[in-house]
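Here is a short briefing on one protein model.

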Amino acid sequence: MGNFDGVGTVLKRGSDIENNGANGKLPTNGAAIEKPSLDEPEQKEILLNQQKFSAPAYTEIRTRRCTVKAAAEAKSPTSTNYHPDKKTIFNGAIFGKHQEECKPNQAEGKLSPELEHHQKTSFEEVPLHTACLTYLGFYLLMILGYINQLLFVPKVATEKNREGYVALYDAFESFYSRYVYRRVKDCWNRPICSVPGDELTLKDRVTDDYGWSFKFTGTETRCLNLGSYNYLGFAAAAGRCADESEERARNDGLAYCSSRCELGDNEQLHELESLTARYFGVEDAIVFGMGFATNALNLPSLLGPNCLVVSDEKNHASIILGLRLSGATIKVFKHNNMRDLERVLREGICYGNPKKGGTPWNKIMVVVEGIFSMEGSIVRLPEIIALKKKYKAYLYLDEAHSVGAMGSHGRGVTDYFNVNPKEVDILMGTFTKSFGSAGGYLAGSKKLIDFLRTNSHAHCYAGSISPPIAQQILTSMKTIMGEDGSDTGRKKILQLARNTRYFRRRLAQLGVITYGHEDSPVVPMLVYLFSKIGAVVRTLTTRHIAVVGAGFPATPIMEGRIRFCLSAAHTKEQLDYALEVIDEIGDDLGLKYSRKPRDANPIEY
């Protein structure tokens with residue numbers, strides 16, 4: 001289990017494998033590979049594996065296996081068999097002898113923020129013929145769906161006796177789910193039965209009715225994990241975090257079953273809040289038992305009907321939900337466009353609240369994300385701070401994807417741009433990604449946090465963080481800060497920065513289009529066509545690579561993509577294997593849309 005060649009070879013068991021840690025990685029010292037002698041149970045298992053992707057929705061798309069890869073070798077002299085000399089394994093990450101020379105994930109500051117943003121961020125336009133084919137393919141799916149709906153009435157529940165009531169289901173959403181999304185439904189919500197580390201285990205399922213229902217096959221597939229937000233590699237079944245969380249669960253139980261305002265408050269959570277405030281360099285912090293719901297449950301407490309919110313058009317759905325629940329007036333500005341942001345701010349101040357005859361707003365708040373989860377872009381924080389000071393606005397910064405993953409100390413985009421965190425009025429983030437846990441936080445001034453302790457719905461009514469979950473956060477945060485007495489956290493931050501730059505540059509060299517900033521560990525690869533999302537996800541699964549696809553309505557119609565999420569736990573060998581497979585399917589499925597000149601020089605790791 002864990003081999004990626006897909007040809008039925010197995011690794012000899014021995015000390016070489018045991019020394020690779022609890023994650024079950026491939027041996028790095030040239031362990032021998034041999035063909036096993038097959039007994040009846042093994043033959044049965046191979047037969048099951050051969051039938052694993054035989055159902056209609058899992059039809060394997062065969063990829064060409066090129067025996068000679070001269071072009072690829074010319075691009076990069078490395079391969080999946082390459083091993084840096086004198087490397088050591090550290091919690092799933094590999095560090096060579098030049099690890100100290102690795103550049104941290106930090107803005108250089110040599111250029112103006114605007115110029116540095118334009119040089120390091122890529123949003124290459126879609127070729128015209130690809131855009132036309134994408135729209136044509138999407139509308140063809142819609143037409144076929146309507147014909148199917150007319151000829152074959154689906155056996156699904158319908159609303160009855162609802163006269164005078166608002167419809168529970170939108171007609172278009174129901175149609176889209178049944179006749180468009182259903183065709184690729186097998187590519188989403190896939191169950192796993194392992195920790196989402198550098199590798200994970202998919203629980204195989206098949207469908208005999210083209211996506212209407214699924215059933216488990218009883219088999220599992222070990223895959224390289226390029227789809228989870230395990231940025232710093234703390235999601236592991238073994239190690240200091242896992243051991244201390246287990247001990248905490250044995251001592252204090254699994255949950256308090258109460259909110260913070262009743263029986264769920266305790267010294268452990270006070271310690272976590274104090275550590276979180278110190279980690280971000282602010283006065284105070286408050287923690288919650290949910291992640292993205294932190295936005296939805298707290299924004300209504302911070303805003304009101306006579307407030308103006310200026311929101312980036314690419315903000316996360318949880319932000320949009322929280323803003324709608326608040327009753328505030330929402331104005332949207334173009335993604336990361338400072339001129340458009342200033343225009344919206346200026347107009348908001350000049351014209352006031354039109355619902356109240358142009359009277360001034362009680363509050364104007366700019367809401368942005370640190371790393372935009374679908375675009376892979378980084379907020380232009382220094383410029384936004386300058387604008388919020390100029391127009392006397394508040395700034396709400398969602399660092400769900402950037403905390404831990406950005407900056408030389410892992411403290412998010414404020415650390416990345418070397419900005420004083422106190423210049424951001426409200427810092428929000430989650431513990432579900434870089435910390436390998438669950439829950440969220442809000443950080444800022446003591447006055448703000450005291451207000452939230454008495455007015456936040458999440459604090460007053462939601463369940464508090466369970467003891468082992470809080471312990472996972474405490475241990476991982478102390479590791480990042482170096483308070484565990486080691487440089488483990490610093491090494492993880494450097495490894496993630498190295499993996500991010502290497503993977504992005506190699507993808508650009510292959511000729512695929514990627515979005516976002518070169519320092520962002522969220523890497524969207526554009527495939528455009530709706531059908532190609534399913535084709536890529538299924539093909540990569542057969543090659544033991546687990547990824548996440550994203551399409552309409554999560555993205556614009558013609559911007560379907562595969563979203564890779566990199567981790568400090570990934571090794572160079574794993575990244576090279578994934579890049580090799582992407583290169584192959586890029587030729588087979590026609591994914592190399594980029595018209596930019598390709599760098600012919602080898603990419604250094």
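Of the 605 residues in this protein, 53% count as buried. The model is predicted. Its secondary structure comes to 19 helices and 19 strands. The protein exposes about 28,100 Å², and carbon and sulfur atoms supply 54% of that area. Among contacts with a separation of 6 or more, 73% are between residues 24 or more positions apart.

- Helix α6 covers residues 171-179.
- S174, F175, Y176 and Y179 are buried in α6.
- Look at the start of α6: a side-chain oxygen of D170 comes within 3.1 Å of the backbone nitrogen of F172.

**R190, a buried charge**

- R190 sits in the loop that runs between α6 and β6, a strand at 199-206.
- Which side chain of opposite charge is nearest to R190? That is D186, 7.0 Å away.
- R190 is buried and has no salt bridge. A salt bridge needs the nitrogen and oxygen atoms within 4 Å.
- The side chain of R190 does have a polar contact, of 2.6 Å, with the side chain of T541.

- Seven residues make a nonpolar surface patch: L140, I143, L144, I147, L150, L151 and F152.
- The patch has an area of about 760 Å².
- L144 is partly exposed, at 40% relative accessible area.
- An α-helix has 3.6 residues a turn, so residues three or four places apart point the same way.

**Salt bridges**

- The whole structure holds 30 salt bridges.
- D450 and K446 form one of them, with their closest N and O atoms 2.9 Å apart.
- Both D450 and K446 lie in helix α14, which covers residues 446-455. They are four residues apart, about one turn of the helix.
- D450 is partly exposed, with a relative accessible area of 34%. K446 is partly exposed too, at 44%.
- D487 pairs with K491 in a salt bridge, and here the closest N and O atoms are 3.9 Å apart.
- D487 has a relative accessible area of 38%, which makes it partly exposed. K491 counts as partly exposed at 23%.
- E559 and R561 form a salt bridge with closest N and O atoms 2.9 Å apart.
- Are the two partners buried or exposed? E559 counts as buried at 16% relative accessibility. R561 is buried as well, with a relative accessible area of 0%.
- Salt bridges also link R260, D265, E273, D284 and R453 into a network.

**Backbone details to find**

- Which residues does a cis peptide bond join? They are F552 and P553, and omega is about 10 degrees.
- P553 lies in a loop. That loop runs between β18 (548-550) and β19 (560-565).
- Y528 is not a glycine, yet its phi is positive, at about 65 degrees.
- Y528 is part of strand β16, residues 522-528.
- Y528 is buried, with a relative accessible area of 1%.
- H544 also has a positive phi, near 65 degrees, and is a residue other than glycine.
- Find H544 in the loop between α18 and β17, a strand at 545-546.
- H544 counts as buried, at 17% relative accessibility. The cut-off for buried is under 20%.

**Points to take away**

- R190 is buried without a salt bridge, but its side chain joins T541 through a polar contact.
- E559 and R561 show a salt bridge between a residue at 16% relative accessibility and one at 0%.

How values were computed
Residues are numbered from 1 along each chain as its sequence is written. This is a predicted model: local features need pLDDT of at least 70, side-chain atom pairs count only at pLDDT 80 or more; totals for chains, interfaces and linings use all residues. Side-chain values use heavy atoms; hydrogens and water are left out. Helices (H or I, at least four residues) and strands (E, at least two) are DSSP runs, numbered from the N terminus. Buried means under 20% relative accessible area, exposed over 50%, partly exposed in between (1.4 Å probe, protein chains only). Lys and Arg count as positive and Asp and Glu as negative; His and the chain ends are not counted. A polar contact is a pair of N or O atoms within 3.5 Å; within protein, one must be able to donate a hydrogen and the other to accept it, and residues adjacent in sequence count only if both atoms are side-chain atoms. Patches are made of residues with over 30% relative accessible area and no salt bridge: like charges are joined within 9 Å, nonpolar side chains (Val, Leu, Ile, Met, Phe, Trp, Tyr) within 5 Å. Accessible areas come from the Shrake-Rupley method with a 1.4 Å probe; for residues, only the protein chains shown count as cover. Contact means heavy atoms within 4.5 Å.
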